[in-house]
Amino acid sequence: MEPSKKKAASGMKTGKASAVEAKTGDTPAQLIDRRIRELGDWRGAMLARIRKLIREAVPGVTEEWKWRGVPVWEQAGIICTGETYKDVVKLTFAKGAAVEDPAGLFNSSLEGNTRRAIDIRDGDKLDEKALKALFRAAAALNASAAPARKTAAKKSAAKKPVTKTAAKKAAAKKA
């Protein structure tokens, strides 16, 4: 069985194989485990904690490893990414601008029309309840958009391209 089809020991779903997986044979979950270990400081501990919260909030979430080393959590679309930088762990919500944030957790990428992010610094206290609510809201938004995407794709596939010749033939039949 190819690595992308394996379930990680945690029972997490894994997504499509990336170039890194093809080289190493590791699943996205294993690559995220490795990133957490390699960081070896507060950022690794924070990423592990965030991952645990996402798994608790969104059962069946899929873990991906994209863009040359960014952990991504998905369910019917991207929920968020978990980027690590020197001074922050950044959670970027792909459709964050459309997600209610009553606790005001979004503190970065506020100017855009689509994404929102949360920059977490060493020593920051997490509001786990509010963060879980954001993860659930992002997953629910993805789920509500998924049927619309499928319906639009079916309608698009059902429409046959109209050429001038086809239009002329249709007009001739009506006459």
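This is a predicted model: local features need pLDDT of at least 70, side-chain atom pairs count only at pLDDT 80 or more; totals for chains, interfaces and linings use all residues.
Local features are reported where pLDDT is at least 70, side-chain atom pairs count only at pLDDT 80 or more, and totals for chains, interfaces and linings use all residues. Residues are numbered from 1 along each chain as its sequence is written, and side-chain values use heavy atoms, with hydrogens and water left out.

The secondary structure consists of five helices and six strands, where helices (H or I, at least four residues) and strands (E, at least two) are DSSP runs numbered from the N terminus. Along the sequence these elements follow the order β-α-α-α-β-β-β-β-β-α-α. The chain has 175 residues, of which 39% are buried; buried means under 20% relative accessible area, exposed over 50%, and partly exposed in between, with a 1.4 Å probe and protein chains only. Contact denotes heavy atoms within 4.5 Å. Of the contacts between residues at least 6 apart in sequence, 49% join residues at least 24 apart.

Two packed helices are described by the angle between their axes and the distance between the axes. Helix α2 (residues 28–39) packs against helix α3 (residues 42–57) at an angle of about 145 degrees, and the axes are 7 Å apart. Here axes are lines fitted to C-alpha atoms, for helices over the stretch in contact, and angles run from 0 to 180 degrees between N-to-C directions. From α2, the residues A29, I32, D33, R35, I36 and L39 meet R43, G44, L47, A48 and R51 of α3. The residues of this contact comprise six nonpolar, one polar and four charged; Ala, Val, Leu, Ile, Met, Phe, Trp, Tyr, Cys and Pro count as nonpolar, Asp, Glu, Lys and Arg as charged, and the others, Gly among them, as polar.

The largest nonpolar core contains 31 residues, and those with the most contacts inside it are I50, I79, L91, F93, I118, L131 and F135. Such a core is a set of buried Ala, Val, Leu, Ile, Met, Phe, Trp, Tyr and Cys residues joined through side-chain atoms within 4.5 Å. Two or more residues of this core come from each of α2, α3, β4 (78–84), β5 (88–93), β6 (116–121) and α4 (128–158). Beyond its neighbours within four places in sequence, F93 has contacts that include I79, F106, I118, L134 and F135.

Side chains of opposite charge can pair when their charged atoms come close. A salt bridge requires a side-chain nitrogen of Lys or Arg within 4 Å of a carboxyl oxygen of Asp or Glu, and the count comes to ten. E56 and K52 form one of them (2.7 Å, N to O); these two residues lie four apart in helix α3 and are therefore separated by about one helical turn. K90 and D119 also form a salt bridge, with their closest N and O atoms 2.7 Å apart. That pair links distant parts of the chain, K90 in strand β5 and D119 in strand β6, 29 residues apart, and both residues are buried.

Finally, the backbone has positive phi values in residues other than glycine, including A76, near 60 degrees, and S109, near 55 degrees. A76 is placed in the loop between β3 (70–74) and β4, whereas S109 lies in the loop between β5 and β6.
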